[in-house]
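Subject: The structure we talked about

Hi there,

Here is the structure I promised to send over. Have a look at it first, and then read on for my notes.

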Amino acid sequence: MSTFNWNHQYAEVNGIRLHYVRHGEGMPLVLLHGWPEFWFAWHKNIPVLASSFDVITPDLRGFGRSDKPTGSAAEAYTLDHHVADLLGLLDILGLERIGIVSHDIGAMVAHQLARLHPDRVAGLFFFNIPYPGIGA
């Protein structure tokens with residue numbers, strides 16, 4: 001494990017306690033992990049990016065140190081839940097516009113956030129997105 005001194009934080013959003021790691025200053029850059037990962041998937045990127053960006057790496061609901069609500073995936077872990085969680089975190093942190101780098105399930109969240117709230121997204125990069133219907 002890295003010797004970097006990780007800055008763990010929590011926020012109450014959308015009815016759950018969401019864990020995130022935050023480092024750096026500058027334009028806010030959110031890194032969203034894939035499945036079955038958590039914030040630590042970005043541990044090699046965070047220190048480097050934090051020299052130029054305000055890097056925020058949340059654990060999506062059900063992952064890492066974030067709450068794991070009871071209920072089926074169709075009830076408690078929908079794409080709408082994940083987007084609302086992220087919006088709630090942005091609001092609590094006072095972030096109007098962000099850049100997003102995302103992978104896998106996190107890319108699904110980033111894509112939907114950008115589609116529904118384009119005014120909140122200054123830049124979007126996603127890879128390995130398992131999402132049908134990407135296009136116009």
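Let me begin with the lining of the largest cavity: its residues divide into four nonpolar, one polar and three charged. Please keep in mind that this is a predicted model. The residues around that space are Leu 18, Pro 58, Asp 59, Leu 60, Arg 61, His 82, Asp 85 and Leu 86. The largest cavity holds about 60 Å³ of space, and the count of cavities of 30 Å³ or more comes to one.

Which element gives the most to this lining? Helix H3 does, with three residues.

What do they pack against? Just after H3 comes Gly 94, with a positive phi of about 70°.

Now for the strands, starting with S2. Seven of the eight residues of S2 are buried, so this strand is largely enclosed by the rest of the structure. S2 runs antiparallel to S1, and six bridges join the two; one of the pairs is His 8 with Val 21 in S2. S1 and S2 form a hairpin with two residues between them, and Asn 14 in the turn has a positive phi of about 50°. S2 is also joined to S4, again antiparallel, by four bridges. Here Arg 22 has Ile 56 in S4 as its bridge partner.

Is Asp 104 buried or exposed? With a relative accessible area of 19%, Asp 104 counts as buried, because the cut-off for buried is under 20%. Leaving aside residues up to four places away in sequence, Asp 104 touches Gly 34, Trp 35, Phe 127, Asn 128, Ile 129 and Pro 130. Asp 104 and Pro 130 are 26 residues apart in sequence, yet their C-alpha atoms are 6.2 Å apart in space.

Happy to go through any of this with you.

Best wishes

Key
Residues numbered from 1 in each chain as written. Predicted model: local features only at pLDDT ≥ 70, side-chain atom pairs only at ≥ 80, totals over all residues. Heavy atoms only, no water. Buried < 20%, exposed > 50% of the residue type's maximum accessible area, 1.4 Å probe, protein only. Contact = heavy atoms within 4.5 Å. Pairing = 2+ DSSP bridges. 1 Å grid on protein atoms, 1.4 Å probe; cavity = no way out; pocket = protein on both sides within 12 Å on 5 of 7 lines; lining within 4 Å. Points joined across faces, edges and corners; volume = space filled by probe spheres on them. Nonpolar A, V, L, I, M, F, W, Y, C, P; charged D, E, K, R; others polar.
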